[in-house]
Amino acid sequence: MSKPHWRPARASDLPAISAIAARIHPGLPERPDVFAEKMRLYPEGCRVLVTTEEIVGYGLAHPWTQHRIPPLDGFLERLPDDADCLYVHDVAVLPDFRGGTSRAYVAAIEELARASGIAMLALVSVYATRPLWERLGFRPVIADAELRAKLASYGDSAIYMLRDLADRVTRA
Ligand SMILES: CC(C)(COP(=O)(O)OP(=O)(O)OC[C@H]1O[C@@H](n2cnc3c(N)ncnc32)[C@H](O)[C@@H]1OP(=O)(O)O)[C@@H](O)C(=O)NCCC(=O)NCCS
């Protein structure tokens, strides 16, 4: 089997994206229309991981405002005019195809951010993914009460993290 690679997502990829989301995030369900809205508002940030045969993962990101967290399964309505970060909504890859995939997706999003004059990446880490995101240069933000309330829909383990693109990330 060929090594999977990221390509821009298309509207016709939506059923595959939803199926992977349902499999990987059974406890954090989102409606297909919510994914579709992100693809419509910011296609540049939406990619799928493909082998020659099938879609095995997806990554969704969009311009946003630091310290603001879109509620899970909620519509964005519109993107901010004064966005100061690219917010990585989710990266999910089927277990058999992992290894280097989130690093490659984040590298593409970093390039997109720089090309758009945006100097920060943001995300909400769920499950136990904090070490993985730290490996990619993200740092946890100490959540005050307001941020904790916004994180609530993402479950107990959720942590808001930022990556300053001015920081050099060294690989051990
Ligand atoms: C998140 C996910 C896409 C990562 O896929 P992946 O192909 O394993 O990602 P990468 O291999 O690019 O990992 C990035 C780096 O983190 C490291 N890493 C992976 N898991 C790690 C862990 N548990 N602890 C510490 N570092 C870890 C990798 O070794 C890699 O570093 P390297 O490139 O220097 O070797 C995949 O695990 C997944 O789909 N998980 C379920 C969904 C999920 O939790 N998504 C994130 C929501 S916030």
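Visitor: Is Ile 159 buried, exposed or partly exposed, and what's its relative accessible area?
Guide: In this predicted model, Ile 159 is partly exposed, because its relative accessible area is 22% and buried would mean under 20%.

Visitor: Where does Ile 159 lie?
Guide: Ile 159 is in strand E7, which covers residues 159-164.

Visitor: And which residues is Ile 159 in contact with, leaving aside its neighbours within four places?
Guide: Leu 123, Val 124, Ser 125, Arg 130, Pro 140 and Leu 151. Take Ser 125: it sits 34 residues from Ile 159 in sequence, yet their C-alpha atoms are 5.1 Å apart in space.

Visitor: Okay, over to Ala 143. Where does that one lie?
Guide: Ala 143 is in the loop between strand E6 (139-140) and helix H5 (145-151). Ala 143 is partly exposed, with a relative accessible area of 22%.

Visitor: What does Ala 143 touch, not counting residues up to four places away?
Guide: Arg 148 and Leu 151.

Visitor: New topic: the ligand. Which residues come nearest?
Guide: There are 23 residues around the ligand, and the nearest are Val 91, Gly 99, Gly 100, Thr 101 and Arg 103.

Visitor: What is 2.8 Å from a nitrogen atom of the ligand?
Guide: A polar backbone atom of Val 91. On the oxygen side, a ligand oxygen is 2.8 Å from an N or O atom in the Ser 102 side chain, and a ligand oxygen is 3.4 Å from an N or O atom in the side chain of Arg 98.

Visitor: How much of the ligand's accessible area does the protein cover?
Guide: The protein covers 75% of the 950 Å² that the ligand has on its own.

Visitor: Let's look at helix H3. How many residues does it have, and how far does it reach?
Guide: H3 runs over residues 101-115, so to speak a stretch of 15 residues, and it reaches 21 Å from first C-alpha to last, close to the 21 Å expected.

Visitor: Which residues of H3 are buried?
Guide: Thr 101, Ser 102, Tyr 105, Val 106, Ile 109, Glu 110, Leu 112 and Ala 113. Looking down the axis of H3, these buried residues fall within an arc of 165 degrees, so they line one face of the helix.

Visitor: What's exposed on the other side of H3?
Guide: Glu 111 and Ala 115 are exposed there.

Visitor: And which residue with a positive phi follows H3?
Guide: Gly 117, with a phi near 75 degrees.

Methods
Residues are numbered from 1 along each chain as its sequence is written. This is a predicted model: local features need pLDDT of at least 70, side-chain atom pairs count only at pLDDT 80 or more; totals for chains, interfaces and linings use all residues. Side-chain values use heavy atoms; hydrogens and water are left out. Helices (H or I, at least four residues) and strands (E, at least two) are DSSP runs, numbered from the N terminus. The expected span of a helix is 1.5 Å times one less than its number of residues. Buried means under 20% relative accessible area, exposed over 50%, partly exposed in between (1.4 Å probe, protein chains only). The arc is that of the directions from the helix axis to the C-beta atoms. Contact means heavy atoms within 4.5 Å. A residue is near a molecule or strand if one of its heavy atoms lies within 4 Å of it. A polar contact is a pair of N or O atoms within 3.5 Å; within protein, one must be able to donate a hydrogen and the other to accept it, and residues adjacent in sequence count only if both atoms are side-chain atoms. Accessible areas come from the Shrake-Rupley method with a 1.4 Å probe; for residues, only the protein chains shown count as cover.
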